[in-house]
Every structure is written in C-alpha cells, then in structure tokens.
Amino acid sequence: MDCVIVATVTPDMLFPSTANIVCDKIGAKNAWGFDMSAACSGFLYALTSGAMYIESGRFKKVIVIGGDKMSSIVDYSDRTTCIIFGDGAGGVLLEPNYDGYGVLDSILKSDGSGRTHLHMKAGGSLRPSSIETVAAKEHYIYQEGQAVFKFAVKGMADVSAELMERNHLTADDISWLVPHQANKRIIDATAHRMGLAEEKVMINIQRYGNTTAGTIPLCLWDWKDKLKKGDNLVLAAFGGGFTLGRNLGQMGTLRFLENLLWTTIYRSAGQSGKTALACWN
C-alpha cells in the first residue's frame, strides 16, 4: 500500500489524521495518508485525488475511504437535522489497469459563499471550543434547509448534465447514477435532468440516511451484484461549503473483500493513463 486518503468531517481527532490511524490499524507501515474535508462531496474529491496519484505513475496502490459518524455532531433535539443523518463508511482500492476502464472524467467545484447555510459554528480556530459554545449547542450541524435544497437541486443537475455533454453521452449510455444520498427529491431532479429512468438510479437513503462522505461507496457496495463490466457510472454529490463533485467511470473486473477497513472495499479495473476504481491483487 502506497497511500490512504480518508474523506470525513468527523475525524477521530483533529490530529493525527484518521488516515494516519487507518494506516496503523491495517498494518500499512510504508504508506502515507491524509484526510480530506469536503463534507458530502468528500469521497469524490478524494477519489479524484487518488486517481491522479495513480495516473501520474507515482503510486500503484491507493485506498480511498469516505465515512462519517454524523451522530457525533447531530443535535437530537433538532428535528430539522437529526432525522436526516446517519453513520457509515466505505472505501475503494485504486490500482492502474490497461484495459480501457476506470475514472474517465471528473468535475469538482466549490462555492464558499454557501458556508453560512450549512456548517458547524464552533470548534475551529475562528471560534474555539468553550463553555459558552458548548452551552449554545454550536458544535452541532447548522443547516438552512431551503437554501441548501435550492443549491443542491441546481448544482447536482447542472454538473451531471455538463459531465454527460462534454463526454458526448446520452441517457442510453449511462448504466447507473450513483448519487449522494441526501434527499430523494434532489436525486429525482438530477435523474430527470440526465434523462435517466428510476431503475438506473441507486437509492438507499431509506436504509442508512445521509452518511455524508459514506453515501456513494455504500451505494456501490449495495449494488455490487448488479454492476457489470463496461457499465458507465456517474457518481454525483454536493456538500456543505458549498461543494460539488461528479465522476464518470467505466466498470472493469469486480472483486470484493468484506469487512476491510470501516465497512467494505469495492473494486473494479482502471484505464491506461487513467486510474482504476480499484483492482485488488
């Protein structure tokens, strides 16, 4: 193992990084790692970063994990947020492959002006933890639902359509939409903009809730028996900040190993000059 990237907004501690702890727990003595914070888009940010390491030829094995323990930052007296979020994680192992499969394209965006609508008020250097911040419940998720919904619907739909257009793809070319599991109306709006039928959309929000960086890898695991070599997948997410991420990937050979790292590891093959969504040897 060369590198471990962990996407999370609920690390075990601010330092050392959760990736550092993962390396120790799995015995990856020669690997280095770091955490990436992009809220619900974190897994796609980390996946794109890991893909670039593989594409550069610098590394041969990169683990990318997305996971969050949202119960640790949810105010269970706030019904506007506590019923939405859940705990969960998943990961992929990336390796080079030369059969024409893997991560084909990515679009990542951010808009810092949206930070006021979805954030944690205290706990950072701007507003350090204190008796006052704890008493004021400023260490929980703060969300303005309508503003977040408006951004998410437009952002996910627009960027997904952009990804298809610049790769000259139609709805018939897309095998699966793998969306961040925040709200079914947002998912439905994205699928509609892409022209996708409901049976091409992965939805498991009713099982896990919004696990933030964990939603997309959990979808891949739940649909592992339906994924086929050559399938075109669009991975789509939005998150607090605001952040947006889209990845286009083509499936290769699938192999699975259960109960590795936090939950499970999903694998497929990659592309010459590009990267795998993973291949475990």
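Predicted model: local features only at pLDDT ≥ 70, side-chain atom pairs only at ≥ 80, totals over all residues.

Visitor: Where does aspartate 75 lie?

Guide: The loop between β3 (62–69) and β4 (87–94) holds aspartate 75.

Visitor: Is aspartate 75 buried or exposed?

Guide: A residue is called buried when its relative accessible area is under 20%. The value for aspartate 75 is 13%, so this residue is buried. Its side chain also makes a polar contact of 2.6 Å with the side chain of serine 77.

Visitor: Let us turn to the rings. How many aromatic pairs does a search of the whole structure find?

Guide: The search finds 5 aromatic pairs.

Visitor: Why is the pair of phenylalanine 151 and phenylalanine 242 stacked?

Guide: Planes under 30 degrees apart count as stacked. Here the planes meet at 10° and the ring centres are 4.1 Å apart, so the pair is stacked. It links distant parts of the chain, 91 residues apart: phenylalanine 151 belongs to helix α4 (residues 145–166), and phenylalanine 242 to the loop between β9 (232–239) and β10 (243–250). Both phenylalanine 151 and phenylalanine 242 are buried.

Visitor: Which residues do ring pairs link into a cluster?

Guide: The cluster consists of Trp32, Phe34, Tyr53 and Phe59.

Visitor: What sits over the ring of tryptophan 221?

Guide: The charged end of lysine 224 does, 4.1 Å from the ring centre. Likewise, lysine 121 lies over the face of tyrosine 142, at 4.5 Å from the centre of that ring.

Key:
Residues numbered from 1 in each chain as written. Heavy atoms only, no water. Phe/Tyr/Trp six-rings, centres within 6.5 Å; stacked < 30°, edge-to-face > 60°. Helix = DSSP H or I, 4+ residues; strand = E, 2+ residues; numbered from the N terminus. Buried < 20%, exposed > 50% of the residue type's maximum accessible area, 1.4 Å probe, protein only. Lys NZ or Arg CZ within 6 Å of the ring centre and 35° of its normal. Polar contact = N/O pair within 3.5 Å; in protein donor to acceptor, adjacent residues only side chain to side chain.
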